[in-house]
Amino acid sequence: MKPTARAARLGLLAGLVLVLGACTLLAPGPQPRTRYYMLSPLAPTGPAAGAGAGLAQPAIGIGPVRIPEYLDRRNLVVRGRQNEVEIMDLAQWAEPLADTFGRVLADNLSALLGTRRMVQFPWRPSIPVDYQLAVQVVQLDGSLEGQVVLRAYWQLFAGEGKKLLDFGYSVIEEMIPEPSVEALVAAKNRAVERFSREIAAAVGRLAR
C-alpha cells in the first residue's frame, strides 16, 4: 500500500474515532426527575379520643386558609442566607400548599377532637357549623441545614362567622435532622401537627 493511501486511511479512522467519541459525550444521560410531596394527617383516633373526648362532636368549618405569595406556588421554597430564598425546580407540592395545609388541618382536628363533622371553605350557607377557623399563614419554610418555622395568625368564630370567640398567633419551630428535602417536608408536617394541636386545645376550651 502506498504511503499516501495508508496515511489517508489512518486519517479517516482517526476521524471516525473522534466523531464516535463526541457522540458518546453528547448523548443524553438519565435526567433528574421532579419529586412531588404532600403533608400527611394524623392517624384517626376514633370518636372518643383526642382533645374533645367526652364532648359533643362539634361541626367545624375550616377556612379560609391564606398563605403568603412567595409560598403560593407548586415549587418548594428553601431559606438561604439572610433574606434569600431558593425556589426548588425538582421538588414540588402535589397540590397547592393552601389546599394541602387546609385539608391536613381539617383531618388533624377531626382526629384530635373526635369529630367527623368537618367542612372546607367555602361551604354552603345551609350547612350549619359550630365554629369557623380562619388561618393566615405568615411563614412556612426553612433551611435544609437548620429548622422549619411556621408562623400563623388564627381566629375562631361562632358558626355564623360574625362573633369572634378566640384568636392567637402561633410560632412553631421544628429542627431538620439532615439536609434533605424529605427531612424538610417531614419537619413541616410536624409543625402543622403541633399547630393543629394548639387549635384543638382552643376549640376544647370553648366547648367546655
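**Entry 1: Glu182 and Arg35**

I looked up Glu182 in this predicted model and found it partly exposed, with a relative accessible area of 41%. I then searched for its charged partner and noted a salt bridge with Arg35, in which the closest N and O atoms are 3.7 Å apart. Glu182 belongs to helix α3 and Arg35 to strand β1, so the pair ties together parts that are 147 residues apart in sequence. Arg35 is likewise recorded as partly exposed, its relative accessible area being 39%.

For Tyr37, I found the bridge partner in β4 to be Trp93.

I recorded 7 salt bridges in the structure. One of them joins the side chains of Arg79 and Asp141, at 3.0 Å from N to O. This pair links distant parts of the chain, with Arg79 in strand β3 and Asp141 in strand β6 (residues 131-142), 62 residues apart. Which of these two is buried and which partly exposed? Asp141 has 0% relative accessibility and is therefore buried, whereas Arg79, at 30%, counts as partly exposed.

I then turned to Glu174, which forms a salt bridge with Arg194, the closest N and O atoms being 3.1 Å apart. Here strand β8 supplies Glu174 and helix α3 supplies Arg194, 20 residues apart. Glu174 counts as buried because its relative accessibility is 13%, under the 20% limit. Arg194 is partly exposed at 37%. Salt bridges that share partners join Glu174, Arg190 and Arg194 into one network.

**Entry 2: Ser170**

I finally examined Ser170, which also lies in strand β8 (residues 164-175). Ser170 has 2% relative accessibility and so counts as buried. Leaving aside residues up to four places away in sequence, I listed its contacts as Leu150, Arg151, Ala152, Trp154, Phe195 and Glu198. Between Ser170 and Ala152, the C-alpha to C-alpha distance is 5.3 Å, although they are 18 residues apart in sequence. With which side chain does the side chain of Ser170 make a polar contact? I found that partner to be Trp154, at 3.3 Å.

How values were computed: Residues are numbered from 1 along each chain as its sequence is written. This is a predicted model: local features need pLDDT of at least 70, side-chain atom pairs count only at pLDDT 80 or more; totals for chains, interfaces and linings use all residues. Side-chain values use heavy atoms; hydrogens and water are left out. Helices (H or I, at least four residues) and strands (E, at least two) are DSSP runs, numbered from the N terminus. Buried means under 20% relative accessible area, exposed over 50%, partly exposed in between (1.4 Å probe, protein chains only). Contact means heavy atoms within 4.5 Å. A polar contact is a pair of N or O atoms within 3.5 Å; within protein, one must be able to donate a hydrogen and the other to accept it, and residues adjacent in sequence count only if both atoms are side-chain atoms. Two strands pair if DSSP finds at least two bridges between them. A salt bridge is a side-chain nitrogen of Lys or Arg within 4 Å of a carboxyl oxygen of Asp or Glu.
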